[in-house]
Amino acid sequence: MRRRLRAPAAFVYDLVIGDDWRGALGLAMAVAVTAAISRTTFPSWWLLPTAILALLPWSVWRTARRRA
Amino acid sequence: MVAALGPALTAIPTNALRLVIGTVLLVFGVQWLRKAVLRAGGVTALHDEEAIFQRKLAAAQRAASHRRGTVPDWYGFTLAFQGVLLEGTEVAFIVLTFGSNQHAIPLASAAAGAAILVVGAAGFAVRAPLARVPENALKFLVGVMLTGFGAFWAAEGAGARWPGSDAALLVLLPGIALLGLLLVAGLRRQKGSRDRRTAAASPAQQAS
């Protein structure tokens, strides 16, 4: 049973998160912080675009350096 | 799937739905965009679609066909089912989010039905192998769309209010595309200077 569940779970993990779990974790944390800021009077819309602006180049740069 | 799941999904609070689907689309989209950027920048190899098509075709032709229940070719059935389920689920999620956002699930279901007809007709009209489609450019575009819509819905689901409401997408999507293109340009420049250094070093090594 566990083996049967492991295969689809691994498939979904590979599909959504892939080989860069740090980037996925960073984005999930950015969503959580956006939710936290939204409870205050400060605007929070800017956080996710900023997270993409920081995390995408960081992830691309790390992979490029590893494969160079 | 859209018609069946749509009414059930209206029972879930819209913001929770936007938060979950938006976050999944965002993570998935950034991963796609990252891979497309790495391929376009020359860090990873572009897929040779013609070779992949021939390899998969040969494997499918070699596979023994056997009957299971009412299905005459089980291998063909599972192959088609896997592809349709995966891509169909992606489409269903996107259509449901659009539909629930606008409180118009029946309209979204009708649009999904129309899309099946259009895509089916287009697929029948253009039956050439996928090698003729610029795969990485398509993946780049899909990555930009998934990232942009994912960020938009995840932020809205988390309680953020975008300046200009839906019009923010008109800035968000080109902004993400521009970021991707700048990264591709940076990687190509880096690869070009590395290749020049390697080419310059090779004659020197041969001379010594």
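The crossing of α2(A) and α2(B) is right-handed. Here a crossing is left-handed if the near helix is turned anticlockwise from the far one by less than a right angle, and right-handed if clockwise. The model is predicted: local features need pLDDT of at least 70, side-chain atom pairs count only at pLDDT 80 or more, and totals for chains, interfaces and linings use all residues. Residues are numbered from 1 along each chain as its sequence is written, and chains are lettered from A in the order in which they are written.

Helix α2 (residues 21–38) of chain A packs against α2(B) at an angle of about 145°, with axes 10 Å apart. Axes are lines fitted to C-alpha atoms over the stretch in contact, and angles run from 0 to 180 degrees between N-to-C directions. Helices are DSSP runs (H or I, at least four residues), numbered from the N terminus.

These residues make the contact (C-beta atoms, placed from the backbone, within 7 Å):

| Helix | Contact residues |
|---|---|
| α2(A) | A:Gly23, A:Ala24, A:Leu27, A:Ala28, A:Val31 |
| α2(B) | B:Thr23, B:Leu26, B:Val27, B:Val30 |

They divide into seven nonpolar, two polar and no charged.

The chain contact takes 29 residues from chain B and 27 residues from chain A. On the chain B side, α2 (14–40), α6 and α7 each supply at least two residues. α2(B) gives the most, with 11 residues.

B:Ser165 lies in the loop between α6 (135–157) and α7 (169–207) of chain B. Its phi is near 55°, a positive value in a residue other than glycine. B:Ser165 counts as exposed because it has 9 C-beta neighbours inside 10 Å; the cut-off for exposed is 12 or fewer.

Technical notes
Buried ≥ 20, exposed ≤ 12 C-beta atoms within 10 Å, placed from the backbone. Contact = placed C-beta atoms within 7 Å. Nonpolar A, V, L, I, M, F, W, Y, C, P; charged D, E, K, R; others polar.
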